Amino acid sequence: MNHPFISKRKIVLLDANLLMVLIVSQLGDGEIEAYKKTSNFTTDDGKLLLEVLQEFKQIVTTPQVITEVANLLDWMSIGIYTS
């Protein structure tokens, strides 16, 4: 990918929305559209996000973003958590 802001030497910061899309996209095709909080994105958006993120040296986020994502991703409703 050839863009001046994308480089293997740069670090990218993910906000809560993009981190949530990234996580839900790892569950499989169609999951992004099926989950209420990410339904405005598509499976293709998730694939594009992953492709773009692979072009960076490092992906970072903040504790606040992780807390927000954990609150938004009701683990019980997307079937990740099992008791």
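Leu14 is buried, with a relative accessible area of 2%. That value comes from a predicted model.

Where does Leu14 lie? Leu14 sits in the loop between strand 1 (11–13) and helix 1. Set aside the neighbours within four places in sequence, and Leu14 is in contact with Leu19, Leu22, Leu53, Ile59, Val60, Thr61 and Val65. Take Ile59 from that list. Leu14 and Ile59 are 45 residues apart along the chain, yet their C-alpha atoms are separated by 7.1 Å.

Now step back to the whole chain. The protein chain has four helices and two strands. Along the sequence they follow the pattern β-α-α-α-β-α. The chain has 83 residues, and buried residues make up 28% of them. Take the contacts between residues at least 6 apart in sequence: 68% of them join residues at least 24 apart.

The largest nonpolar core has 17 residues. Those with the most contacts inside this core are Leu19, Leu22, Val24, Leu53, Val69 and Leu73. Which elements give two or more residues to this core? They are helix 1 (16–25), helix 3 (43–53) and helix 4 (63–72). Helix 1 provides the largest share, six residues.

Leu19 deserves a look of its own. Beyond its neighbours within four places in sequence, Leu19 is in contact with Leu14, Thr61, Val65, Ile66 and Val69.

Turn now to a pair of helices. Two packed helices are described by the angle between their axes and the distance between the axes. The axes of helix 1 and helix 3 come within 9 Å and cross at roughly 105°. Angles of 65 to 115 degrees count as roughly perpendicular. Helix 1 and helix 3 are therefore roughly perpendicular to each other. Which residues make the contact? Helix 1 brings Leu18, Val21, Leu22 and Ser25. Helix 3 brings Gly46, Leu49, Leu50 and Leu53. Six residues of this contact are nonpolar, two are polar and none is charged.

Two names tie these views together. Leu22 and Leu53 take part in the contact of helix 1 with helix 3. Both are in contact with Leu14. Both are also listed among the residues with the most contacts inside the largest nonpolar core.

Definitions and conventions. Residues are numbered from 1 along each chain as its sequence is written. This is a predicted model: local features need pLDDT of at least 70, side-chain atom pairs count only at pLDDT 80 or more; totals for chains, interfaces and linings use all residues. Side-chain values use heavy atoms; hydrogens and water are left out. A nonpolar core is a set of buried Ala, Val, Leu, Ile, Met, Phe, Trp, Tyr and Cys residues joined through side-chain atoms within 4.5 Å. Buried means under 20% relative accessible area, exposed over 50%, partly exposed in between (1.4 Å probe, protein chains only). Contact means heavy atoms within 4.5 Å. Axes are lines fitted to C-alpha atoms, for helices over the stretch in contact, and angles run from 0 to 180 degrees between N-to-C directions. Angles under 35 degrees count as roughly parallel, over 145 as roughly antiparallel, 65 to 115 as roughly perpendicular and the rest as oblique. Ala, Val, Leu, Ile, Met, Phe, Trp, Tyr, Cys and Pro count as nonpolar, Asp, Glu, Lys and Arg as charged, and the others, Gly among them, as polar.
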